[in-house]
Amino acid sequence: MNIQNLFKIAIKALGNNKMRCFLTMLGVIIGVGAVIAMLAIGQGSKNSIKAQISEMGSNMIMIMPGAERRGGVRQSSDDMQTLKPADYEAIVNQATGIAHITPTVSSSGQWVNGNNNYPSQAQGVNTQYLDIRQRKVAEGEMFTESDVKTAAKVCVLGKTLVDNLFPDGTDPIGKVVRFGSIPLTVIGVLDEKGYNTMGQDQDDLALVPYTTVMKRMLAIDYLQGIQASAIDENRTEETIAEITDILRTQHKLRDDQEDNFSIRSMQELAQMISSTSSMMTVLLACVAGISLLVGGIGIMNIMIVSVTERTREIGLRMSIGATGKDVMTQFLIEAIIISVTGGVLGILAGAIATWMIKLFAHWPVQIDPSSVILSFVVCTAIGIIFGFYPAAKASNLDPIEAIRYE
Amino acid sequence: MAKEIIKIENLKRYFKVGDETVKALRGVSFTIYEGEFVTIMGTSGSGKSTLLNTLGCLDTPTSGEYYLDGIAVKGMGKNERARIRNRKIGFIFQNYNLLPKTTALENVELPLLYNSSVSAKERAERAEKCLREVGLGERLYHKSNQMSGGQQQRVAIARALVNNPVIILADEATGNLDTRTSFSILTLFQRLYREGKTIIFVTHNPEIALYSSRNIMLRDGHIVSDEYNDDIKSAEEVYRNLPEEND
């Protein structure tokens, strides 16, 4: 008996019961479709987070004062003042793996222009901030090194601030606005970036030389943080180790003392976020997988009914020369045809569902080829696994009894 | 001397039902030669079904020997017996056992589907030829559920012929048919007999023995008579004399 003939027989048998065959397939179609769609949503959100983070600078390193504490332990204000401008200088002079670096200090307050005011922050940075965060000045220009040195009273505004302070659309460049009581000249406007994945408005921001914030606004001699970018994304870990060494030397920490600062890389952050999203994907895929399993049980159910119903046919086939193996193969092929056809249609349904989600819900989605291959393999496996028992049952029938079965 | 198609020696078949042993065949011996039309007759419980199953290689005897076309069937495995059934035996059943919603041609092709040495083209040709032989040349593509009982049985006969079997085993082949159709089927059997086919026709209807060349009578698992019929009646004549149903 060649397999080609068995295929013909199986297709013929399925064709005799189109409706039942389709309904059984539907279980698989829905299961596979759900798996494909869920994985597409998971993959899409993961990708969009990745894209956002790399836009923010995937090689970014953040240095914060105070030891890394977890679990809500309060840190004393002394701990928060461990980063000094001297530390920044030391890193600039000694670290080899850093492309750009800026101190950060920020002050919250009210931005005022005439009758208009808006609560936001003054972000104290140096000129390299733009390179680290991959931002650009859209109009006007960025402040200069000498502005930083002299703690010049200048600022570069984000789009949200411009919109709120100059609602009538006048050109803000050259105008003087106030932050609290300090007048600052607007010398540039940042490019528009919109909201990021975490829902933060990336345009609600004003850049001021960090010296201005430290001396004129907060009157402090320490830094709230340092941001840097590694030369090479893949060497972030080494760079972090390098900075750690420099800072420990700077802070004169003995070997048994803990770091009184902490360093985080964007990569870590990215991992944290994507691990959450991965977990969601796994959960969604599990639910979808269960529906696929139910579809498989549906196949088994129908195949068992089919074997009972076609007992006489099986008896006949055996009496005219089909071996047990022939009968078994025929029923297995029937189950596999149902599951694989269901799988292909399910992939199609999943692709359509994904496309609809993208169209109507505007969620970021992406169908991973591996998820398609996976569904296909799982489907075939389901056909074999759930088809096996009914097929074995059919092949073990006694032809004498089967042929006279009523 | 004609060729021995079937030779059984002291065939016994016992079944265990619970604690009891049912002796369906208690030592049956006969030889059937090529070209014979044998009716095996007996009441229910006489062992004729068991004998048929054994002759059809569906069942194996408890003891005794069985040679089909010179091959010892006893001791064959399931798969070997399936192969023997496929190549050497043509089955005809009381209730036709055609595949539902399937054309006559496909039904007749079925045994050849399980014989990989027959190509698709040859399969179709042979099936068509057999259907023409049984007088269904015009109904090749009729589905089994669109045909009358007599036509369905003709398809079943064509199916039994398609693998050129050494023996045709018919089990109450006219049992479900009205008298007139029965005789038309019997006429077909007689024609096959005249063409040299070897036929075993199992039935409980004593009338059919008149149309066969030999009659073996079974009772309680024994042969009670084994007689040759020198005066074979023509089924065709009876068929012609039966009034056609005009309604």
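**Entry 1: where the two chains meet**

I started at the interface of chain B and chain A, where I find 10 residue pairs in polar contact, both residues at pLDDT 80 or more. I note for myself that this is a predicted model.

Next I asked which elements of chain B give two or more residues to the side that touches chain A. They are α1 (48-55), α2 (78-88), α3 (104-113) and α4 (120-133) of chain B. I then sorted the residues of that side by kind, and they divide into 12 nonpolar, 7 polar and 7 charged.

How many residues does each chain bring to the contact? I get 26 residues from chain B and 26 residues from chain A. Between them the chains bury about 2,400 Å², with 53% of it on carbon and sulfur atoms.

I also looked for salt bridges, and the count between chain B and chain A is 2. One of them links A:K12 with B:E106. I put the closest N and O atoms of A:K12 and B:E106 at 3.4 Å apart.

**Entry 2: the sheet of 6 strands in chain B**

I moved into chain B and traced an open sheet of 6 strands, in the order β6-β7-β8-β3-β9-β10, with mixed pairing. Which strands stand at the edges? They are β6 (89-92) and β10 (222-228) of chain B; each has a single partner strand, so one side of each is left without a neighbour in the sheet.

A reminder to myself: strands of a sheet pair through backbone hydrogen bonds, either parallel or antiparallel. I picked one pair to follow, β7 (residues 167-171) and β8 (residues 199-203) of chain B, which run parallel and are joined by 4 bridges. Along this pair I find B:D171 opposite B:V202 of β8(B).

My last stop was an open sheet of 4 strands in chain B, ordered β2-β1-β4-β5, with antiparallel pairing. At its edges I find β2 and β5 (71-72) of chain B, each pairing on one side only.

I followed β1 (residues 4-17) to β2 (residues 20-33) of chain B and counted 11 bridges between these antiparallel strands. B:I6 stands opposite B:I32 of β2(B). How many residues lie between β1(B) and β2(B) in their hairpin? There are 2, and B:G18 in the turn has a positive phi of about 65°.

β1(B) is also joined to β4 (residues 63-68) of chain B, by 5 bridges, and these two run antiparallel. Here B:E9 has B:E65 of β4(B) as its bridge partner. I end with α1(B), which packs on this sheet and touches β1, β2 and β4 of chain B, its direction making about 125° with that of β1(B).

Technical notes: Residues numbered from 1 in each chain as written. Chains lettered and ligands numbered in written order. Predicted model: local features only at pLDDT ≥ 70, side-chain atom pairs only at ≥ 80, totals over all residues. Heavy atoms only, no water. Contact = heavy atoms within 4.5 Å. Buried area = accessible area lost by both parts, 1.4 Å probe. Salt bridge = Lys/Arg side-chain N within 4 Å of Asp/Glu carboxyl O. Polar contact = N/O pair within 3.5 Å; in protein donor to acceptor, adjacent residues only side chain to side chain. Nonpolar A, V, L, I, M, F, W, Y, C, P; charged D, E, K, R; others polar. Pairing = 2+ DSSP bridges. Axes fitted to C-alpha atoms, helices over the stretch in contact; angles between N-to-C directions.
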